[in-house]
Amino acid sequence: MPLTPPSRAAARVTLDAGGLALSGLLAEPPGEPRGTVLALHGGGTTAGYFDGRAHPSVSLLALGARLGFTVLALDRPGYGASAPHLPDGADRTEQADLIRAAFADFAARHALGDGVLLLGHSFGGQVALTAAARGLHERLVGLDVSGCGHRHASDQVPEGCRPAGPGEPRSPWGPPSLYPPGTFAAGVDLMCDPPAVEAAQAARWPRDFPAVAARTTVPVRLTFAEHEASWRHDAEALAQLSAHFTAAERVQVVRQPAAGHHISLGWAAAAYHRRALAFFEDLLYRVPRAGAAGAPAPHGAGLAL
């Protein structure tokens, strides 16, 4: 599929993942970044998921750069520039290692700020958890994952596997009223069929999740949309989900009101993105800085929530 054109807030970039080119979208603040967000889209979408153009408030890239953060949204392996070279896609472990190599290339040429937040949606959240467990980068301070549980909802086809007509929302989107007018038309070029390997592996996540969660050590924030349809998010399921993170410094599970599975494209995107960045901000305050006497210095103006 053609690469999604970026908005005014973002520029298209290509990174070297050990000889494989990974494309993505990049938004940077005017000066030194306070930190860097690495964002991984879900199955059947692209990096443009984080640069929604149906309404000015939707883009994570635009908001992050405006608040002083670098935001890098990658087309995961099997999407964008790498699609012709990985026609069947790559499994979670292979994707995690390729993303780690691509981010090392990025870090060699860009300032990261005081830390890195790995943010993933749906299958991208599975890859994010896997990458963190395998050691994404030494500056990683936290994980923010949305639309990714550990038990599929009954009778629910995993994301990207149910066919839909041209321009129609796929089943996990939720009520159309949750999204700005034109979201589905504007997002047609953001949607595609997930690669075969990825689609097959998605069904095995409940089996693979416990081992991945047990190796996650950084703080984790998990967000479930009010109208999430792909994953169980009742009290029992969320308690079991959290309990698997036995090594994580802390785990926070939150709900996003008035949101469907694709939170970052809906009206709730602005609230979700600000909360994710506030979570990142809290983590950055704990990172020692040069010249600090026992405690990190403030970053200046905090986030307005």
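**Around Thr-70 and beyond**

Colleague: Hi! Leaving aside neighbours within four places in sequence, which residues is Thr-70 in contact with?

Modeller: With that exclusion, Thr-70 is in contact with Leu-26, Ala-27, Glu-28, Pro-29, Pro-33, Gly-35, Thr-36, Val-37, Phe-106 and Ala-111. Contact means heavy atoms within 4.5 Å.

Colleague: Thanks. What should I know about the model itself?

Modeller: This is a predicted model, where local features need pLDDT of at least 70 and side-chain atom pairs count only at pLDDT 80 or more, while totals for chains, interfaces and linings use all residues. Residues are numbered from 1 along each chain as its sequence is written, and side-chain values use heavy atoms, with hydrogens and water left out.

Colleague: Is Thr-70 buried or exposed?

Modeller: Thr-70 has a relative accessible area of 1%, so it is buried. The cut-offs are under 20% relative accessible area for buried, over 50% for exposed and partly exposed in between, with a 1.4 Å probe and protein chains only.

Colleague: And which strand does Thr-70 lie in?

Modeller: Thr-70 lies in strand E4, which spans residues 70-74. Strands (E, at least two residues) and helices (H or I, at least four) are DSSP runs, numbered from the N terminus.

Colleague: What does E4 pair with?

Modeller: E4 pairs with E2 in the antiparallel sense over four bridges. For two strands to pair, DSSP has to find at least two bridges between them. Strand E2 (residues 20-27) also pairs with E1 (residues 11-17), again antiparallel, over seven bridges.

Colleague: Where does Gly-24 come in?

Modeller: Gly-24 in E2 has Val-13 opposite, and its bridge partner in E4 is Leu-74. Seven of the eight residues of E2 are buried.

Colleague: Which residue of the E1 and E2 hairpin takes a positive phi?

Modeller: That is Gly-18, with phi near 65 degrees, and the hairpin has two residues between the strands.

Colleague: New topic, packing. Which residues touch the most other members of the largest nonpolar core?

Modeller: Leu-38, Leu-72 and Leu-118 do, in a core of 45 residues. Helix H3 (residues 123-133) gives the most to this core, with seven residues. Apart from this core lies another, of 37 residues, among them Tyr-49, Ala-65, Leu-117 and Tyr-179. A nonpolar core here is a set of buried Ala, Val, Leu, Ile, Met, Phe, Trp, Tyr and Cys residues joined through side-chain atoms within 4.5 Å.

Colleague: Where do Trp-205 and Phe-209 lie?

Modeller: Both lie in helix H6 (residues 205-214), four residues apart, about one turn of the helix.

Colleague: Last one: where does Gly-113 lie, and what does it touch?

Modeller: Gly-113 lies in the loop between helix H2 (92-109) and strand E5 (116-121). Not counting residues up to four places away in sequence, Gly-113 touches Pro-33, Arg-34, Gly-35 and Arg-139. At 18% relative accessibility, Gly-113 counts as buried.
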